[in-house]
Amino acid sequence: MILELVVRNLGVIEEIAVVFGPGMTALTGETGAGKTLVVGALDLLLGGRADTSIVRAGTSEATVEGRFLLTVDGEEREVVLRRVVPADGRSRAYVDGNLATVAALVACGRDLVDLHGQHDHQSLLGVPAQRRALDVFGGIDLGPLDQARARVREVQERLDALGGDERARAREIDLLRFQVEELDAAALDDDDEDGALDREERLLADAVAHREAAAVAVAHLRDEDGAIELVGRALAAVSGRDVFSASADRLHQVVAELEDV
């Protein structure tokens, strides 16, 4: 049962908040007032197709939120669904405030809302609903079936804990054998293999910037009026003068070091 619906920036709707009371609620109004958009908003909450064209002009996203009352095994609890449709990008879905898939909205919606269209009735199109209707009409006692299904689940869980059936174990063995062969072929002998790969990845990811930086450095060293030429001029100026012999030796070493760099 739906308790509340909040719609923002959907088509012609800037913002509405509807709190539903018990019994029937009728939405009325002239053509273009947005009645169909309210139903469309509900469809979005149930996992319907999200088209960016429904976002109100001039806004970044449309939002639909719904608060529902769900009864399970005689106990009632509230469920809150939310769907966000951006003007540019993929829609987002939330169940009770947690990010979820559209499929999760669809699954929740089956127990919360049933939309009636002009040409179809959603739940009756599903085989499980048809089977339930027949069982109820025929007064079928589903207790033995539920017990059998529970037993099957129990056996399956025990089987999974033991590694699955024979075919599943064979597939797992083949996969593990393939993985071992891959590891042997890689001939890994470095305990820090992951770290080395991470460092190489970072190096390669910035390779262009590294090359550009190196080119700039070489230019400052080797170009006309670069560091090597300027130091060479200083060396030439003091060479042959005994008073500067110590400085000349040091400048000679600097030139050699720059050339090596």
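This is a predicted model: local features need pLDDT of at least 70, side-chain atom pairs count only at pLDDT 80 or more; totals for chains, interfaces and linings use all residues.

**Helix lengths and what follows**

Now helix H4, residues 143-161. Its 19 residues reach 27 Å from first C-alpha to last. The expected value, at 1.5 Å a residue, is 27 Å, so H4 is close to it by the span rule.

What follows each helix? After H5 comes alanine 187, with a positive phi near 50°. After H4 comes glycine 163, and its phi is positive too, near 105°.

**Positive phi elsewhere**

Some background. Most residues other than glycine have a negative phi. With that in mind, look at two more residues. Asparagine 9 is not a glycine, yet its phi is positive, about 55°. Asparagine 9 sits in strand E1. Aspartate 96 is a residue other than glycine as well, and its phi is positive, near 55°. Where is aspartate 96? It is in the loop between strand E5 (92-95) and strand E6 (98-100).

**The second largest pocket**

Next, the second largest pocket. It holds about 290 Å³ of space. What kind of residues line it: nonpolar, polar or charged? The lining divides into 11 nonpolar residues, 1 polar and no charged. Among the lining residues are Ile2, Leu5, Phe20, Met24, Thr25 and Val113. Val38, Val39 and Leu42 are in the lining too.

Which elements supply them? Strand E1 (2-10) and H1 each give at least two lining residues. H1 has the largest share, with 3 residues.

**Glycine 47**

On to glycine 47. Glycine 47 is in the loop between helix H1 (35-45) and strand E3 (61-72). Which residues does glycine 47 touch, leaving aside neighbours within four places in sequence? The contacts are Arg83, Val102, Leu105 and Val106.

Glycine 47 and serine 239 are 192 residues apart along the chain. Their C-alpha atoms are separated by 85 Å.

**Rings**

Last topic: aromatics. How many aromatic pairs does the structure hold? The count is 0. There is a charge over a ring, though. Arginine 82 lies over the face of tyrosine 94. The distance from the ring centre is 5.2 Å. A charge counts as sitting over a ring within 6 Å of the centre, so 5.2 Å passes on distance.

That is my tour. Over to you.

Notes
Residues are numbered from 1 along each chain as its sequence is written. Side-chain values use heavy atoms; hydrogens and water are left out. Rings of Phe, Tyr and Trp (its six-membered ring) pair if their centres lie within 6.5 Å; planes under 30 degrees apart count as stacked, over 60 as edge-to-face and the rest as tilted. A charge sits over a ring if NZ of Lys or CZ of Arg is within 6 Å of the ring centre and within 35 degrees of the ring normal. Helices (H or I, at least four residues) and strands (E, at least two) are DSSP runs, numbered from the N terminus. Contact means heavy atoms within 4.5 Å. On a 1 Å grid over the protein atoms alone, a cavity is a set of points where a 1.4 Å probe fits but cannot get out, and a pocket is an open set with protein on both sides within 12 Å along at least five of seven lines; lining residues have an atom within 4 Å of a point. Grid points are joined across faces, edges and corners, and a volume is the space filled by probe spheres set on the points. Ala, Val, Leu, Ile, Met, Phe, Trp, Tyr, Cys and Pro count as nonpolar, Asp, Glu, Lys and Arg as charged, and the others, Gly among them, as polar.
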